[in-house]
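Please look over the sequence and the model shown here before reading on. The paragraphs that follow go from a single residue to the helices around it, and then to the core and the loop.

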Amino acid sequence: MPAKSAAQQKAAGAALSAKRGDTPKSKLKGASKSMAESMTEKQLEEFAHTSRKGKPEHVRN
């Protein structure tokens with residue numbers, strides 16, 4: 001499932017970095033923190049590797 005917004009894609013990238021050990025988990029906050037805890041590395045990769053071109057910065061539900 002691709003990211004629906006640029007913000008979602010950025011949060012997934014931060015969570016993926018922490019999950020891989022490149023960034024300390026203590027540096028995460030907000031959506032990236034909950035994504036790191038609840039999603040698998042494969043799911044995070046799908047979100048993080050989504051192109052930002054043409055995506056809005058934020059999407060309302």
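**From one glutamine to the core**

Gln9 has its place in helix H1, where helices are DSSP runs of H or I with at least four residues, strands are E runs of at least two, and both are numbered from the N terminus. The model is a predicted one, in which local features need pLDDT of at least 70, side-chain atom pairs count only at pLDDT 80 or more, and totals for chains, interfaces and linings use all residues. Residues are numbered from 1 along each chain as its sequence is written, and side-chain values use heavy atoms, with hydrogens and water left out.

Is Gln9 buried or exposed? Because its relative accessibility is 10%, Gln9 counts as buried, the term standing for under 20% relative accessible area, with exposed meaning over 50% and partly exposed in between, for a 1.4 Å probe and protein chains only. When residues up to four places away in sequence are not counted, Gln9 touches Ala3, Phe47, Ala48, Thr50 and Arg52, a contact being heavy atoms within 4.5 Å.

The helix that holds Gln9 has 15 residues, and H1 reaches 21 Å from its first C-alpha to its last, close to the 21 Å expected at 1.5 Å a residue; the expected span is 1.5 Å times one less than the number of residues. Buried in H1 are Ala6, Gln9, Ala11, Ala12, Ala15, Leu16, Ser17 and Ala18, and the buried residues of H1 pack against H2 and H3.

How do these helices meet? The axes of H1 and H2 come within 8 Å and cross at roughly 55°, where axes are lines fitted to C-alpha atoms, for helices over the stretch in contact, and angles run from 0 to 180 degrees between N-to-C directions. H1 is therefore oblique to H2, since angles under 35 degrees count as roughly parallel, over 145 as roughly antiparallel, 65 to 115 as roughly perpendicular and the rest as oblique. On the H1 side this contact is made by Gln8, Ala11, Ala12, Ala14, Ala15 and Lys19, and on the H2 side by Ala31, Ser32, Met35 and Ala36.

The axes of H1 and H3 likewise come within 8 Å, and they cross at roughly 145°. Here H1 contributes Gln8, Gln9, Ala12, Gly13, Ala15, Leu16, Lys19 and Arg20 to the contact, while H3 contributes Glu41, Leu44, Glu45, Phe47 and Ala48.

The largest nonpolar core has 13 residues, and those with the most contacts inside it are Ala12, Ala15, Met35, Met39, Leu44 and Phe47; such a core is a set of buried Ala, Val, Leu, Ile, Met, Phe, Trp, Tyr and Cys residues joined through side-chain atoms within 4.5 Å. Helix H1 (6–20), helix H2 (31–38) and helix H3 (41–48) each supply at least two residues of this core, with the largest share, 5 residues, coming from H1. Leu44, leaving aside its neighbours within four places in sequence, is in contact with Ala12, Ala15, Leu16, Lys19, Met35 and Met39.

Elsewhere in H3 is Lys42, which counts as exposed because its relative accessibility is 60%. Lys42 and Ser17 are 25 residues apart in sequence and 12 Å apart in space, C-alpha to C-alpha.

Just after H1, Gly21 takes a positive phi of about 90°. Asp22 lies in the loop between H1 and H2 and is exposed, with a relative accessible area of 62%. The C-alpha atoms of Asp22 and Phe47 are separated by 18 Å, the two residues being 25 residues apart along the chain.
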